[in-house]
Amino acid sequence: MLMRSANLLNDFAFKYVFGEDCKEANDALKSLLTVFLERKVHHVVVKNPRLDLLVEFDDRTMVDLEMQLRQTKDHLSIRFSYYLARLHSSQELEGKYYGELKETIVLVFFNVNLIDNNRMCNTFTLKNEDGLSFVKETEDRMKIRTVEMAKLDVNKPLKEMNEQ
């Protein structure tokens, strides 16, 4: 009964539902990642269920899954960039071929409007001031994907939210 009324925007409830070591939690996590990363997820391993959810896919893609409930915009973009850099550098490729670097993604759910657009989901990659990509799309291995829950009107009927 407690979990029926739990709010998944709460960090602890989120980690409890998606970070537990059981089939139901793993299936829920795969579904969540499939929807928000827009790619089929066959198998994931939760590497760190205590803090942020650190997830590794079959192809060794690493995803740092974050739930931020804070009502402030203070330094969120800097924090997300730091999480991405930390995750990317954890691959320890010193002295190896950098083409072996695996994709890293920081997927963040939060409840403030950080980006001034109407999109609920935004993906950020390395680009210059004119929007030109620094690397080829096929080589882009660092992404921050934000899900701004504040842009979602939870009072709308589910059908309308799905159309959005």
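Tutor: Happy to! Let's start with how helix 3 packs: its buried residues are in contact with strand 2 (53-57), strand 3 (62-68), strand 4 (104-110) and strand 6. Helices (H or I, at least four residues) and strands (E, at least two) are DSSP runs, numbered from the N terminus. Contact means heavy atoms within 4.5 Å. This is a predicted model, where local features need pLDDT of at least 70 and side-chain atom pairs count only at pLDDT 80 or more, while totals for chains, interfaces and linings use all residues. Residues are numbered from 1 along each chain as its sequence is written, and side-chain values use heavy atoms, with hydrogens and water left out.

Which residues of helix 3 are buried? They are Leu76, Arg79, Phe80, Tyr83, Leu84, Leu87 and His88. Buried means under 20% relative accessible area, exposed over 50%, and partly exposed in between (1.4 Å probe, protein chains only).

Now look at strand 6 (residues 142-148), where you will find Arg145. Arg145 counts as buried because its relative accessibility is 10%. Leaving aside residues up to four places away in sequence, Arg145 touches Phe36, Glu38, Val106, Leu107, Val108, Cys121, Asn122 and Thr123.

Arg141, by contrast, belongs to the loop between strand 5 (121-124) and strand 6. With a relative accessible area of 26%, Arg141 is partly exposed. Again setting aside residues up to four places away in sequence, the contacts of Arg141 include His88, Tyr98 and Lys102. Arg141 and Lys102 are 39 residues apart along the chain, and their C-alpha atoms are separated by 6.5 Å.
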